[in-house]
Amino acid sequence: MGIRILFSIGVLASAGAVAGELFLEFEDAAVPEGIAAKQSTVSVDTVRRFRGEQSLKWDWQSGAVLQIDRTVECRPELNRREEGFQKTRTFKFWIYNEVPMPGKQLNIVFGDEQGEPCSFPYNLDFSGWRSAWVSYERDMVGAPDRDLSFIRFEAPAEGAGTFWIDDLAPSLSIDIRWQAPDHQVPFVNAGLQDLLLAPPHTPNILIDAEVRPLGVGFELTEDHRAAFREIESKLRATYPPVKKSAEALITNFNSYRIVKDEAGVIRGDFLPHLSSKAHKEGFPKRYQPEIMALSKMHDFRSYTELMLDMARLYQVEQTDELKSAFLLMGEHLLDQGWQAGSVQGTVHHFGYTSRAWPPAVFLMRDELAEAGMLEPMADALVWFFNVKKHFLPPSPHLGDMDYLNTTVFSELLAIASLPDSKEKVLYFEAFKNSFGRILALESPGLQGGIKTDGSLFHHGMHYAGYGVPGIKGATELINVLDGTHYELPAAAYNTIKKAYLSARLWGYPYAGFNACGRHPLLYGSEGLAASMRVLAKAAPETDAVDAELAAAYLGMEGGDAVALFGQPIEPDVPQGAWSMNYHSGLIYKHGNSSVQIKGFGSGVRSHETYGTDNRYGSYGSHGSIQIFQNNRAHNSGFEHGGWGWSQPPGATTLILPLDVLEQDDGFYGRSVPQSAPFGGASHLEHKIGLFAFQLDPDPKKNHAEALSVRKSVLAIDGRLICLGSGLSGKAGYPLVTTIFQCGLRDGHDAVQRGENWIIDPYGTGHWIAPGTALKQQTGRQESRHNKTKQPTEGDFSMAWIDHGAGARDASYEYVSVLEADAAIMNAMASNEFYSVKRQDDRTHAVLVPSEKLWALVNFQALEDPVGPFISISQPSLVLLKQLTGSTLHISVTDPRLELSSRKTAAPVEVVLEMKGRFKLAKPVAGISAHVQGSSTVITVRCAEGEPSQFFLQTS
């Protein structure tokens with residue numbers, strides 16, 4: 001037997017009690033006490049059941065009433081934040097209707113002896129099981145100001161019939177984002193319903209009503225059918241037959257207990273959308289193990305994955321047993337409410353759990369059609385994946401990484417599963433035009449998507465864990481449509497291409513802290529490269545490969561170009577500097593090394609935690625510097641076991657106990673009250689890079705972990721000139737700047753020391769300014785796993801600058817030298833190639849005489865002249881290189897994006913006054929120069945964190 005009645009005191013009770021239950025499942029022999037019917041009859045029944053073995057059967061006629069006397073905890077003060085999110089008190093139930101009743105409704109009323117303060121109608125134009133999650137505070141007619149004592153179901157005014165009710169919860173505390181409207185309760189969470197801005201993976205009743213493609217004006221031709229078959233052939237190749245044990249699949253099928261009796265009634269175990277989330281949602285944590293243990297349950301994901309396994313095996317073993325089992329699963333799915341117009345109460349995170357459903361339907365479309373099930377099943381796919389949105393103008397809201405990763409390929413499969421018709425032609429045309437335009441749209445503000453600098457933006461940051469699967473998903477779709485009538489346009493292709501060309505910069509050989517999000521481990525580029533190769537072969541409007549992508553792939557992976565791409569192509573191994581301010585980062589590649597430098601601010605999030613993920617990773621964006629060699633054997637020294645979470649290389653941090661470092665396991669990480677008002681990166685002609693990072697404590701809060709930090713890095717000629725100033729931390733925790741932290745492996749375990757220099761185990765040299773309190777240790781480190789908190793350990797070598805506990809206005813200066821040896825470091829120590837001209841809270845200024853280069857980080861407006869600059873109007877990054885005696889090459893960047901939910905900061909003008917009389921060598925949009933006495937005033941328009949570059953000549 002399943003759960004009977006679960007009490008808020010945490011015990012199972014008899015059917016006689018009427019107060020305090022969390023939900024009812026009607027599993028006892030008699031109707032529970034406190035349930036009464038008027039002008040109708042009520043009983044427990046096994047014919048229809050949603051969960052468990054029984055449900056409540058209500059045989060009704062016009063004017064019938066079913067009343068359930070139960071405490072309904074819905075007073076307003078119960079709507080509060082829990083576990084980091086706003087919750088709302090919600091009524092939840094399941095109901096079965098045998099015959100659709102268009103235009104008729106149930107009325108569900110909540111009240112007590114004082115009155116009936118709230119109610120809602122429930123539309124009855126459906127057959128099968130349906131649910132609803134209705135918020136007392138937001139969704140009902142009226143709203144309660146107190147707890148109530150009964151729930152009353154009022155039958156339609158006309159007619160008669162039977163309903164079955166199951167899994168009824170008078171009041172659950174549910175995340176306020178989760179409830180979704182459908183055709184039964186279209187008023188629920190109405191804010192989700194927007195024709196252009198609704199979540200792309202949420203069924204939308206407005207779109208469903210707005211869009212009715214009729215397919216008039218043309219005839220379905222053999223050319224149309226040929227186009228369908230061409231796409232179907234490519235899709236089938238994406239899901240090739242697999243050899244699995246038919247016996248094992250049937251055994252799994254039998255675990256769902258699906259049977260169909262002589263009357264045509266199908267029964268089986270229930271299929272919640274999310275087993276680990278939605279099923280437990282609303283119940284206090286202390287009851288969740290009991291609920292999970294007592295419930296007979298499966299989940300939609302595992303169910304549809306079994307359907308896909310059956311469909312793929314059926315391609316090579318077309319047995320009646322497999323076919324019959326698959327069709328029964330499909331019929332049970334429809335009966336359980338997985339039909340067009342229903343959302344099961346919620347479809348939150350639907351894309352992750354649903355990916356097996358569309359290919360299963362697609363592969364078995366002929367068998368479903370033969371059984372008369374293809375049309376309702378394909379309609380369900382169109383509904384749940386919101387495919388009709390492609391008939392509307394495209395919105396940048398659609399192009400986020402979740403959509404590209406989890407949903408868009410399913411949309412294509414849903415269309416391909418439709419019966420051949422004129423409507424299907426319109427769906428394909430709409431999808432081609434809409435998705436092609438979606439990919440080409442800009443992604444504004446904090447909206448996820450592919451940003452102008454190639455960042456794969458999600459959850460407020462550049463995020464490989466979402467972004468790489470996202471562009472791989474888009475690539476798979478582009479490849480399927482390549483060469484067909486519905487091939488995507490060049491603009492869409494070029495957006496994904498740009499993302500890959502950027503990814504080979506920030507993601508090869510690994511994506512590290514620069515793109516980790518809540519996954520503080522290295523993200524390998526093997527899959528990225530493989531997908532890049534596929535995209536290179538899918539160039540639109542041609543049978544030739546995209547030579548630029550092919551060259552990028554060969555630069556990463558090597559190989560025979562002719563064998564791989566059918567023509568000789570030279571590998572492209574990028575060298576130089578790239579700024580990507582949508583992740584506040586600088587990428588620098590020199591020789592055989594790749595460097596990733598990472599900050600945060602201006603709307604770009606530092607990091608993310610997610611339940612039990614990345615508990616200790618909040619320092620990964622504090623000016624971290626990871627140095628890789630261009631092969632996957634070199635991982636910049638990162639090893640999870642024993643990793644010192646307080647000391648990412650390059651970062652300035654407090655050495656905190658792990659419990660303090662974790663502190664808050666909220667959804668979006670620790671919230672130390674401090675700001676990152678300025679930071680990001682710039683470059684000069686992709687040859688020289690400049691990075692800055694600033695932290696300021698909240699002056700109104702005296703938080704023990706708040707920092708004051710000014711950091712900069714100039715990347716030039718294989719060297720990283722690293723400066724820090726104004727470094728301050730609270731007393732009690734040591735403030736440090738970590739030079740390196742390297743896990744020791746075979747062949748990477750030696751540290752070399754010299755006068756004022758050290759070479760780490762991976763071959764990077766570090767020259768440290770004389771007088772610096774450098775500490776270095778090699779040995780066993782103990783730590784914890786970032787998810788489980790279990791102890792970990794490993795052998796490491798680490799070096800850091802100790803600024804001391806309670807440091808005030810500390811500073812540092814060091815230079816990291818790529819691919820160094822003792823001779824290089826000795827030469828570096830005896831022959832300085834740069835000069836620090838200013839290093840304070842306002843400005844870092846470096847001169848490199850041999851390159852005739854000035855680099856300025858202006859944390860604030862420059863008011864005191866330095867070098868050739870008299871003043872600079874606001875915070876900015878400036879690089880100036882003298883090319884000849886009369887020509888200067890200048891790059892000016894304001895990296896501050898100031899991202900809001902839908903907007904990036906408007907362009908700003910940076911005004912520089914320079915010594916000497918200059919003019920623009922050639923006109924540049926957004927830049928002007930005019931002589932003012934013996935100086936020149938240059939006005940530079942800066943936008944989206946991109947460098948504005950120009951040439952000056954002596955006037």
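W338 counts as buried, at 0% relative accessibility, where buried means under 20% relative accessible area, exposed over 50% and partly exposed anything in between (1.4 Å probe, protein chains only). The model here is a predicted one, in which local features need pLDDT of at least 70 and side-chain atom pairs count only at pLDDT 80 or more, while totals for chains, interfaces and linings use all residues. Residues are numbered from 1 along each chain as its sequence is written, and side-chain values rest on heavy atoms, with hydrogens and water left out.

W338 brings us to the aromatic rings. Searching the whole structure turns up 44 aromatic pairs; rings of Phe, Tyr and Trp (its six-membered ring) pair if their centres lie within 6.5 Å, and planes under 30 degrees apart count as stacked, over 60 as edge-to-face and the rest as tilted. W338 and F350 make a stacked pair, 6.3 Å centre to centre with 20 degrees between the planes. Since W338 sits in the loop between α6 (320-335) and α7 (350-353) while F350 belongs to helix α7, the pair ties together parts that are 12 residues apart in sequence. Helices (H or I, at least four residues) and strands (E, at least two) are DSSP runs, numbered from the N terminus. F350 is buried too, with 1% relative accessibility. For Y463 and Y466, the ring centres are 4.9 Å apart and the planes stand at 70 degrees, so this pair is edge-to-face. Y463 is buried at 0% relative accessibility, and Y466 is buried with a relative accessible area of 7%. Elsewhere, ring pairs link F91, F93, F110, F120, Y122, F126, Y136, F153 and F187 into a cluster.

Next come the sheets. Four strands form an open sheet in the order β19-β20-β21-β22, with antiparallel pairing; two strands pair if DSSP finds at least two bridges between them. The edges are taken by β19 (576-580) and β22 (624-629), each with a single partner strand, so one side of each is left without a neighbour in the sheet. On average, neighbouring strands of this sheet are turned by 15 degrees against each other, direction ignored. Strand β21 (residues 593-598) pairs with β22 in the antiparallel sense over six bridges, and Q596 stands opposite Q626 in β22. Helix α14 (residues 490-506) packs on the sheet and touches β19, β20 (585-590) and β21, its direction making about 75 degrees with that of β20. Contact means heavy atoms within 4.5 Å; axes are lines fitted to C-alpha atoms, for helices over the stretch in contact, and angles run from 0 to 180 degrees between N-to-C directions.

Another open sheet has seven strands, ordered β36-β37-β38-β40-β41-β46-β43, again with antiparallel pairing. Here β36 (835-839) and β43 (918-920) stand at the edges with a single partner strand each, so one side of each has no neighbour in the sheet. From one strand to the next, the twist averages 20 degrees. Inside this sheet, six bridges join the antiparallel strands β41 (residues 887-893) and β46 (residues 948-954). I890 stands opposite F950 in β46.

Strand β29 (residues 734-743) is mostly covered, with nine of its 10 residues buried. It pairs in the antiparallel sense with strand β23 (residues 652-654) over three bridges, and with strand β34 (residues 791-805), also antiparallel, over nine bridges. T737 of β29 is the bridge partner of T652, and T737 also stands opposite I801 in β34.

I721 is placed in strand β28 (residues 719-728) and is buried, with a relative accessible area of 1%. Leaving aside neighbours within four places in sequence, I721 is in contact with S712, V713, L714, I716, Y814, V815, F833, Y834, V846 and V848. I721 and A378 are 343 residues apart in sequence and 60 Å apart in space, C-alpha to C-alpha.

E913, found in strand β42 (residues 908-915), is buried yet has no salt bridge, and the nearest side chain of opposite charge, K915, is 11 Å away. A salt bridge is a side-chain nitrogen of Lys or Arg within 4 Å of a carboxyl oxygen of Asp or Glu; Lys and Arg count as positive and Asp and Glu as negative, with His and the chain ends not counted. Beyond its neighbours within four places in sequence, E913 is in contact with P868, F869, I870, S871, Q932, S935, T936 and V937.
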